[in-house]
Amino acid sequence: MEQQALIKAKQWLSSKNLDDAARKEVEAMIASTDKSQLVECFYRDLEFGTGGLRGIMGTGSNRINKYTIGMATQGLANYLKKTYPDQQVKVAIAHDSRNNSPFFAQTTADVFSANGFKVYFFDALRPTPELSFAIRHLGCQSGVVITASHNPKEYNGYKAYWNDGAQMIAPHDKNTITEVGNIKSIDDVKFTPNKSLIEKISTEVDEPYLEAIKAGSLSPDIIKRQKNLKIVFSPIHGTGITLVPEILKRMGFENVTIVDEQATPDGNFPTVVYPNPEEAEAMSIALKKAKAIDADLVMATDPDADRVGIAVKNDKGEFQLLNGNQTGALLVYYLLEQWKNNGKLDGKQFVVKTIVTTDLIAKIADGYKVKCYETLTGFKFIAALIRELEGKETFIGGGEESYGYLIGDAVRDKDAIASCAFIAEMTAFAKDKGMSLFQMLNEMYLKFGYYKEHLISLTKKGIKGQEEIKQMMDNLRANPPKTINGSKLLKLADYTLLEERDFVTGKTSKLDYPKSDVMQFFTEDGSKISARPSGTEPKIKFYFSVTTPVKNAEELKNAEGLLMKRIDGIIADMKLN
């Protein structure tokens, strides 16, 4: 591996495009007696996956830097030229608040323009969902946002989009990966920009994007009555600060408190360990502020503002974080209720969730006689379905358990700007009925059943770890359990074989999905267990979903403990402790 790293490092040194600072750094790594840094930085090329690049920033082929960003952009440009041979290709580019994001975005713009593309370049940081909106709004064939989502500060990344504003799916993802792989040297990249092809953009996209969100409002009269709803918002040093306060103001909310300590965009994320609204620690300052002013709602977005975490007051008056499944289900419940109240449901609407997201969403949709489609994990599959059904059926909303939601189809990726607007509207709707959002959550459980989800990730590093993960999946395929936690296995869905086995009838049917290494087990007591190796990390993830009907407040109070006990039993029985 050291020899491999050395060969690659010397290839970099032979490049005429390598700047002096990078050259000195590479030379120092080669000269050092400790070759660990050389190996880390050069033992492989940073992999361009189906979503783009993500990695630690630094010098080397296995790092995010000007050169790996340039090579990715050149590969994408080459594919776009082949796909659109007889027209000028247009692309949109945005970036988040991370260290070096503006520089990497400029590099991307330079390379695209050097390839003769028209480039729309946001003049300052913007949320990822606005980049998705901009692609369709400006008639682009592609787009890129520089972000590493909610990863630690050492990371950055490159997310590539197609002409519908969605992350790429087959065949474009694989074809782009091939083209990027064909870029063997830094010298294959056109770094010298054609500045006449780069156009700075800002409010001309902000305005239609914000108006598209506001146009979807279902309860303007309720907001007027509840305009003083107390909202605390934190962008966690990210791009949410650019548009969340503005959309809340435009929706009609007049009592929004910004968490000042986290309001300034800062790639060092100085007040948090991880800039991730799924983590209680990242929400701690916002929760403290909410307690001080007795807020109705707390919201926090991740650095590129495609995910949002929320907290609401429970019946004891304490702020409680809701998980992604709870917030997603509540949003669908609210949206369908108001679509019904506004006389807009006519059987041609649908909602979407992923296969590992709570089945409560499907139950709610069924209650309103609205179709609920399921996709594989990843918002690109939700976007693909919206595109497929465009003009035939109307997308209301949906999302995934990892805190990403979409309302309406103006954007084709998860959208925390729109989500914040509708979570606030939903909270106003509850308050107008004399309820907190927590009480509305309980109302939903009493109507549709109590659902509890849980996730465990088992980390298995290195080649040995990869083999262990493969062995676990192979064993589950070859020898599925007959019972799980004492409950009979009724059905097994295998998304690699694309088949579903019904153990009651003995029949096997085909699954209409792209292939994916996921297995799902359905038991007699309504439990669902999903096994899914991570595509980006050395992990295998197990998702647990259990449910029980609840008829009254007493049963509701006991449901949490009852279902957690069932999940613990499943984990023990499957030997996943």
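Helix α10, covering residues 240–251, has 12 residues and spans 16 Å between its first and last C-alpha, close to the 16 Å expected at 1.5 Å a residue; the expected span is 1.5 Å times one less than the number of residues. Helices (H or I, at least four residues) and strands (E, at least two) are DSSP runs numbered from the N terminus. The model is predicted, so local features need pLDDT of at least 70 and side-chain atom pairs count only at pLDDT 80 or more, while totals for chains, interfaces and linings use all residues. Residues are numbered from 1 along each chain as its sequence is written, and side-chain values use heavy atoms, with hydrogens and water left out.

The buried residues of α10 are G240, L243, V244, I247, L248 and M251. Because they cover an arc of only 130° around the axis, they lie on the same side of α10; the arc is that of the directions from the helix axis to the C-beta atoms. Buried here means under 20% relative accessible area, exposed over 50%, and partly exposed in between (1.4 Å probe, protein chains only). An α-helix has 3.6 residues a turn, so residues three or four places apart point the same way. After α10 comes G252, with a positive phi near 120°. In the loop between β7 (231–234) and α10 lies H237, a residue other than glycine whose phi is positive, near 65°. H237 is buried, at 3% relative accessible area.

Strand β4 (residues 142–146) is mostly covered, with 5 of its 5 residues buried. In a regular strand the side chains alternate between the two faces of the sheet. Both faces of β4 are covered, with S142, V144 and I146 buried on one side and G143 and V145 buried on the other. Two strands pair if DSSP finds at least two bridges between them. Strand β2 (residues 90–95) pairs with β4 in the parallel sense over 5 bridges, and I93 has V144 as its bridge partner in β4. Strand β5 (residues 155–161) is joined to β4 by 4 bridges and runs antiparallel to it; K159 in β5 stands opposite V145. The loop between β5 and α7 contains P171, and the peptide bond from A170 to P171 is cis, with omega near 0°.

Strand β10 (308–313) is largely enclosed by the rest of the structure, because 5 of its 6 residues are buried. It is joined to β9 by 4 bridges in an antiparallel arrangement, with A300 opposite G309 in β10. The hairpin of β9 and β10 has 6 residues between the strands, and A305 there takes a positive phi near 55°. A305 is buried, at 0% relative accessibility. β10 also pairs with strand β11 (residues 319–322), antiparallel and over 4 bridges, and K313 has F319 as its bridge partner in β11. The hairpin of β10 and β11 has 5 residues between the strands, and G317 in the turn has a positive phi of about 80°.

The second largest pocket holds about 420 Å³ of space. A pocket is an open set of points on a 1 Å grid over the protein atoms alone, where a 1.4 Å probe fits, with protein on both sides within 12 Å along at least five of seven lines; lining residues have an atom within 4 Å of a point. Its lining comprises 21 residues, and D45, M71, V180, I183 and K184 lie nearest its centre.

Terms used. Grid points are joined across faces, edges and corners, and a volume is the space filled by probe spheres set on the points.
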